Amino acid sequence: MNVFLWIVQALLAASFAMSGLAKLTRPKDKLVGTYPWMETFSQGAVRLIGVMELLGAAGLIVPAATGIAPVLTPIAAAGLAVMMIVAAAVHVRRKEPSGLLVTVILFALAALVAWGRFGPYAG
């Protein structure tokens, strides 16, 4: 199970890191085609979401890999799960079923990592 959690962590970290970098480095106008929900958010809010995604991605890997404050790994996973709950609410409000599906999958994977690293496979 530990190897499986590492694989899920790596996939989640890559996904959130790529998404976060895109939100930080590209103007909102260029991203609206990929992320339609951005129409209702300011450039500052989009950048903040990008920073949180990058921090979450780093938190999924770095603490557990280095052994320095490994409790931060499940906290990062739980934080990303909470972000996905908020994202799901945005997708429901905007009636975006395709965005909702991806969000639910990311939520489930982040919740799995949080559960696994807080509980039976901590450390």
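This is a predicted model: local features need pLDDT of at least 70, side-chain atom pairs count only at pLDDT 80 or more; totals for chains, interfaces and linings use all residues.
1. Start with helix 5, residues 97–118. How far apart should its ends be? At 1.5 Å a residue, its 22 residues should span 32 Å. The end C-alpha atoms lie 31 Å apart, which agrees with that expectation.

2. Now look at which residues of helix 5 are buried. They are Gly99, Thr103, Leu106, Ala110, Val113, Ala114, Gly116 and Arg117. Their cover includes helix 1 (2–25), helix 3 (43–66) and helix 4 (72–93).

3. How many salt bridges does the structure hold? There are three. One of them joins Lys23 to Glu53, with the closest N and O atoms 3.1 Å apart. Lys23 belongs to helix 1 and Glu53 to helix 3, so this pair ties together parts that are 30 residues apart in sequence. Are the two partners buried or exposed? Both Lys23 and Glu53 are buried.

4. Another salt bridge pairs the side chains of Glu39 and Arg94, at 3.2 Å from N to O. Glu39 sits in the loop between helix 2 (28–31) and helix 3, and Arg94 in the loop between helix 4 and helix 5, so the contact ties together parts 55 residues apart in sequence. Glu39 has a relative accessible area of 52%, so it is exposed; the cut-off is over 50%. Arg94, at 24%, is partly exposed.

5. Arg94 has a further partner. Its side chain also meets that of Glu96 in a salt bridge, 2.8 Å from N to O. Glu96 has a relative accessible area of 14% and is therefore buried. Through shared partners, salt bridges join Glu39, Arg94 and Glu96 into one network.

6. Turn to the rings. A search of the whole structure finds two aromatic pairs.

7. Trp37 counts as buried, at 10% relative accessibility. Phe41 counts as partly exposed, at 22%. The cut-off for buried is under 20%.

8. Ring pairs link Tyr35, Trp37 and Phe41 into a cluster. Lys23 lies over the face of Tyr35, 4.4 Å from the ring centre. Lys23 is also the salt-bridge partner of Glu53.

Terms used: Residues are numbered from 1 along each chain as its sequence is written. Side-chain values use heavy atoms; hydrogens and water are left out. Helices (H or I, at least four residues) and strands (E, at least two) are DSSP runs, numbered from the N terminus. The expected span of a helix is 1.5 Å times one less than its number of residues. Buried means under 20% relative accessible area, exposed over 50%, partly exposed in between (1.4 Å probe, protein chains only). Contact means heavy atoms within 4.5 Å. A salt bridge is a side-chain nitrogen of Lys or Arg within 4 Å of a carboxyl oxygen of Asp or Glu. Rings of Phe, Tyr and Trp (its six-membered ring) pair if their centres lie within 6.5 Å; planes under 30 degrees apart count as stacked, over 60 as edge-to-face and the rest as tilted. A charge sits over a ring if NZ of Lys or CZ of Arg is within 6 Å of the ring centre and within 35 degrees of the ring normal.
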